[in-house]
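The exercises below are meant to be worked with the sequence and the model in view. Try each task before reading its solution.

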Amino acid sequence: MTTLNSPPPTDLGPILREWRTRRRLSQLDLASEAEISQRHLSFVESGRARPSRQMVLRIAERLDLPLRETNRLLLAAGYAPHFQERQFDDPALAPALDAVERVLEAHAPYPAFAVDRHWVLVRANASAQMLLSTVEDRSLLQPPVNVLRASLHPRGAASSIVNLVEWRDHILERLRRLNQAVADPELIALERELQSYPAPPRKAPPDPARYSAIAVPLRIRHGETVLSFISTITVFGTPLDVTLSELAIESFFPADAETGTYLKAAAGN
């Protein structure tokens, strides 16, 4: 519906244009995907038209927006948010968090932890304490604990990471891609902070063949032993809550037999 007498909030057009540009879509591309005319989309972006609530949701879906950004787009268009956002202590999230706890405990004796959208620690299994124990400055483990900061901070776990060059590159590339997808100001600030930490000397270009081109491992010294891990990220597949959609579980698996044996022995298995 086009309404020229009462234009939508002035930030709708810029927000929509920003995400369309970020997704590298022309107005014609997005209009075709959302099944609207390019002229109408142009009017929406310029503030000359107010889209319907359903149209905003359809555009957000075609742009593959995070739930939080979909709500932001709706608010900018003058509509109520579509997705709820609860705190982690909300009883409604208890079943989901119970499931997270079961996943974390089932992964023992290997480390696993759950983080929010800013990589702040939400839950961890007992085995994850082994990784956290390598953090030198214990103030970095005072809540809220940002696991990326604790990993790369000069007085964090960095001095124990044997392949710090490769792991740092991996973390920064992960954050760069995430910021391309969600454009979160706090994550952008975190990326800049991590980049500002002293970089370890790079003796030679990274050699993907060294790791069989499968994944970048985390090789970390624990006492006299060097443990080697590969990790996976798990998210809820069909969340309808903003907070839940941003929850991720990072699970670490032994990258070699020695690490697996060490962790099982440490857990008394």
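Helices (H or I, at least four residues) and strands (E, at least two) are DSSP runs, numbered from the N terminus. This is a predicted model, in which local features need pLDDT of at least 70 and side-chain atom pairs count only at pLDDT 80 or more, while totals for chains, interfaces and linings use all residues. Residues are numbered from 1 along each chain as its sequence is written, and side-chain values use heavy atoms, with hydrogens and water left out.

**Exercise 1. The residue S151**

Task: State in which helix S151 is found, whether S151 is buried or exposed, and which residues S151 is in contact with.

Solution. Step one: S151 belongs to helix α8, residues 147-152.
Step two: the terms are buried (under 20% relative accessible area), exposed (over 50%) and partly exposed (in between), with a 1.4 Å probe and protein chains only. The relative accessible area of S151 is 12%, so S151 is buried.
Step three: contact means heavy atoms within 4.5 Å. Neighbours within four places in sequence left aside, S151 is in contact with A157, A158, I161 and W167.
Step four: T134 lies 17 residues from S151 along the chain, and their C-alpha atoms are separated by 9.0 Å.

**Exercise 2. The whole protein**

Task: Find how many helices and strands the protein has, and what share of the residues count as buried.

Solution. Step one: the protein has twelve helices and five strands.
Step two: the protein has 269 residues, of which 43% count as buried.
Step three: the C-alpha trace spans about 70 × 45 × 35 Å along its principal axes.
Step four: take the contacts between residues at least 6 apart in sequence; 60% of these join residues at least 24 apart.

**Exercise 3. Helix α4 and its partners**

Task: List the buried residues of α4, and describe how the axes of α2 and α4 cross.

Solution. Step one: α4 covers residues 53-62, and its buried residues are M55, V56, L57, I59 and A60. These buried residues pack against α1 (12-22), α2 (27-34), α3 (38-46) and α5 (67-76).
Step two: axes are lines fitted to C-alpha atoms, for helices over the stretch in contact, and angles run from 0 to 180 degrees between N-to-C directions. The axes of α2 and α4 come within 9 Å and cross at roughly 115 degrees. That makes α2 roughly perpendicular to α4, where angles under 35 degrees count as roughly parallel, over 145 as roughly antiparallel, 65 to 115 as roughly perpendicular and the rest as oblique.
Step three: on the α2 side the contact involves L30, E33 and A34, which meet R58, I59 and R62 in α4. By class, this contact has three nonpolar, no polar and three charged residues. Ala, Val, Leu, Ile, Met, Phe, Trp, Tyr, Cys and Pro count as nonpolar, Asp, Glu, Lys and Arg as charged, and the others, Gly among them, as polar.
Step four: just after α4, D64 has a positive phi of about 55 degrees.

**Exercise 4. The sheet**

Task: Give the strand order of the open sheet, and trace the bridge partners of A114.

Solution. Step one: two strands pair if DSSP finds at least two bridges between them. The five strands are in the order β2-β1-β5-β4-β3, with antiparallel pairing. β2 (121-124) and β3 (218-222) are the edge strands, each pairing on one side only.
Step two: β1 (residues 112-115) is joined to β2 by three bridges and to β5 by four. The bridge partner of A114 is R123 in β2 and I249 in β5.
Step three: β1 and β2 form a hairpin with five residues between them, and W119 in the turn has a positive phi of about 65 degrees.
Step four: β4 (residues 225-235) and β5 (residues 248-254) pair over seven bridges. Opposite F252 in β5 stands S231, and opposite S251 stands T232. Five of the seven residues of β5 are buried.

**Exercise 5. Helices on the sheet**

Task: Determine how α12 runs relative to β4, and which residues R174 touches.

Solution. Step one: α12 (residues 257-266) lies across β3, β4 and β5, at about 90 degrees to β4.
Step two: R174 is found in helix α9. R174 has a relative accessible area of 16% and is therefore buried.
Step three: not counting residues up to four places away in sequence, R174 touches W119, L148, S231, I233 and E250.
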